[in-house]
Amino acid sequence: MDSVRVMDTDRWMQRALDEARAAVEHDDVPVGAVIVRDDQLLAAAHNRREVDDDPTAHAEVLAIREAAAKLGSWRLEGCTLVVTLEPCTMCAGAIVLARIPTVVFGADDPKAGAAGSLWDVLDDPRLNHRCEVVRGVRAQECGDQLRTFFRARR
């Protein structure tokens with residue numbers, strides 16, 4: 001919890017929410033993510049599956065790629081990922097592989113969440129890395145953004 005105490009999770013979640021809004025511009029599910037180290041922004045991304053025709057273009061994966069390129073290392077030690085929606089299994093796997101120590105997320109994902117809802121990939125003792133998880137940061141706002149998006153499509 002030390003890494004989370006020294007950063008302003010509300011400010012970084014706001015930045016992730018701003019990223020999520022950008023996804024709507026190209027009709028993608030509004031999920032945004034940022035990666036922060038020492039309370040400094042390393043990467044920011046939003047879902048781009050529709051615009052890139054790429055099933056792996058989730059906000060978390062894109063942010064991980066950007067942060068790794070910026071740091072010149074695939075190991076994102078000392079970093080915190082802040083994301084508006086609970087990571088799915090693909091993203092949780094990427095988080096574990098990138099060795100991200102802390103994940104902060106907003107809304108739970110009861111249909112695909114892999115940080116405690118359906119699975120708990122981020123804290124599975126069988127894996128070689130575990131993450132500290134902080135859930136529910138601005139959960140209502142994150143969930144409302146998703147509900148508004150899906151309601152408009154029905």
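This is a predicted model: local features need pLDDT of at least 70, side-chain atom pairs count only at pLDDT 80 or more; totals for chains, interfaces and linings use all residues.

1. Asp28 is buried, at 0% relative accessibility (buried means under 20% relative accessible area, exposed over 50%, and partly exposed in between, with a 1.4 Å probe and protein chains only).

2. Residues are numbered from 1 along each chain as its sequence is written, and side-chain values use heavy atoms, without hydrogens and water.

3. A salt bridge is a side-chain nitrogen of Lys or Arg within 4 Å of a carboxyl oxygen of Asp or Glu. By this rule there are 14 salt bridges.

4. Asp28 and Arg49 form a salt bridge with an N to O distance of 3.9 Å. The pair links distant parts of the chain, 21 residues apart: Asp28 is in the loop between helix 2 and strand 1, and Arg49 is in helix 3 (residues 49–52). Helices (H or I, at least four residues) and strands (E, at least two) are DSSP runs, numbered from the N terminus.

5. Arg11 and Asp39 meet in a salt bridge at 2.8 Å, N to O. Arg11 lies in helix 2 (residues 9–24) and Asp39 in the loop between strand 1 (32–37) and strand 2 (40–46), so the pair ties together parts that are 28 residues apart in sequence.

6. Within helix 2, Arg15 and Glu19 lie four residues apart, about one turn of the helix. Arg15 is partly exposed at 29%, whereas Glu19 is buried at 12%.
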